[in-house]
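Let's take a walk through this one together, helix by helix and charge by charge. Have the viewer open and follow along.

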Amino acid sequence: MARIVFCFLFWINASLAAGQSPLHSQLARAQSLHNNLERISLIRSLETQINQSDDLDLQVDFVILLANSLDNTGKADEAQRILEKILPKTNNSPLLRTKIKHRLGKVLYNNHHYNASEVYLSNALDTFKKLGHFELHTRALSDLANLYHNTGRYYEGINLITHHFDEYESQLTPLLLASLYHSIARLLEQVDQIKLALMYKIKKFEIEAKLEISESKKAGTLYAIAVSYSDIGNYEKSVEYFKLAYEIDKRSADLSYIGHSLAQLSYNTYKLGQ
């Protein structure tokens, strides 16, 4: 049973990182929490103060973070509701309005409403590009490529990312590159380009190894690399990478991931011995 690896690279909003006020600092602290329920609890405790503030940027950051956390805990309807509620307040700010639409597209995507999601993601992609926000533009592009993957439009997704590489690769940060490598690898696997997909997975892990990201994300990438080696029949390498993923999963105590890694490690060790 393959483990589905989600690559969610969540960049801290510049205003939060700058620590412009105690509320920004508290929201940034909430964003750093890995447990969604703990994060929601802290965010909710700030809700009254943030709603009473005149800082629309802060209010939008608050709603986006809360919506993401709710979506992660299966409360997609509530996430969609709070995003739609704040949308009219952003009519005079194209950037903030597009950030909300982008998040709406992601909530809809995560819950398999692909047609509606595509409308929001495509709009966000075009608007971020027009506004000159390269990082946000790239994030929206990666999300749209993932939607193409889930709707069977693999070559559209591959072309979308390839053209972005050709035009902007020198401007891409390590985090953005890792996200795009993840997306294009998933697409390439679907058109039987396993070795090329493997190359992008390895490049993604080389970036992650140098960054301060969670161990579980690194384990997910190692697991994905191992799956590709298994698919091409290189069981020596697949066992090596499944072992690395399994050791990290054991430290995380995530029983689901441990089970997946151990099952794959056992199967590939068996195949190696044949």
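Is Lys218 buried or exposed? With a relative accessible area of 14%, Lys218 is buried, since anything under 20% falls in that class. Bear in mind as we go that this is a predicted model.

What does Lys218 pair up with? It forms a salt bridge with Glu215, and the closest N and O atoms are 3.8 Å apart. Glu215 itself is partly exposed, at 37% relative accessibility, whereas Lys218 is buried. Helix α12 also holds Ser216, and Ser216 is partly exposed at 35% relative accessibility. For a sense of scale, go from Ser216 to Gln49: they are 167 residues apart along the chain, and their C-alpha atoms are separated by 34 Å.

Now over to helix α3, residues 36-52, where Arg44 and Glu47 are three residues apart and so separated by about one helical turn. Their side chains meet in a salt bridge, at 3.6 Å from N to O. Arg44 is partly exposed, with a relative accessible area of 32%, and Glu47 is partly exposed too, with 27%. In total, the structure holds 13 salt bridges.

Another of these pairs takes us to helix α8. There, the side chains of Arg139 and Glu135 meet in a salt bridge at 3.0 Å, N to O. Arg139 and Glu135 are four residues apart in α8, so about one helical turn separates them. Glu135 is partly exposed, with a relative accessible area of 30%.

Stay with α8 and turn to its packing. Two packed helices are described by the angle between their axes and the distance between the axes. Take α7 (residues 114-131) and α8 (residues 134-150): their axes come within 8 Å and cross at roughly 155°. The angle makes α7 roughly antiparallel to α8, because values over 145 degrees count that way. As for handedness, α7 passes α8 in a left-handed crossing. On the α7 side, the residues in contact include Leu121, Leu125 and Phe128, and on the α8 side they include Leu136, Leu144 and Leu147. By class, the contact of α7 with α8 has eleven nonpolar, four polar and three charged residues.

What about α8 and α9? The axes of α8 and helix α9 (residues 154-168) come within 7 Å and cross at roughly 160°. So α8 is roughly antiparallel to α9, and α8 passes α9 in a left-handed crossing. The contact is made by residues including Phe134, Leu141 and Tyr148 of α8, along with Tyr154, Leu160 and Ile161, among others, of α9. By class, the contact of α8 with α9 has nine nonpolar, five polar and one charged residues.

Some α8 residues show up in both contacts. His137, Leu141, Leu144 and Tyr148 are among those that meet α7, and His137, Leu141, Leu144 and Tyr148 are also among those that touch α9.

Key: Residues are numbered from 1 along each chain as its sequence is written. This is a predicted model: local features need pLDDT of at least 70, side-chain atom pairs count only at pLDDT 80 or more; totals for chains, interfaces and linings use all residues. Side-chain values use heavy atoms; hydrogens and water are left out. Axes are lines fitted to C-alpha atoms, for helices over the stretch in contact, and angles run from 0 to 180 degrees between N-to-C directions. Helices (H or I, at least four residues) and strands (E, at least two) are DSSP runs, numbered from the N terminus. Angles under 35 degrees count as roughly parallel, over 145 as roughly antiparallel, 65 to 115 as roughly perpendicular and the rest as oblique. A crossing is left-handed if the near helix is turned anticlockwise from the far one by less than a right angle, and right-handed if clockwise. Contact means heavy atoms within 4.5 Å. Ala, Val, Leu, Ile, Met, Phe, Trp, Tyr, Cys and Pro count as nonpolar, Asp, Glu, Lys and Arg as charged, and the others, Gly among them, as polar. A salt bridge is a side-chain nitrogen of Lys or Arg within 4 Å of a carboxyl oxygen of Asp or Glu. Buried means under 20% relative accessible area, exposed over 50%, partly exposed in between (1.4 Å probe, protein chains only).
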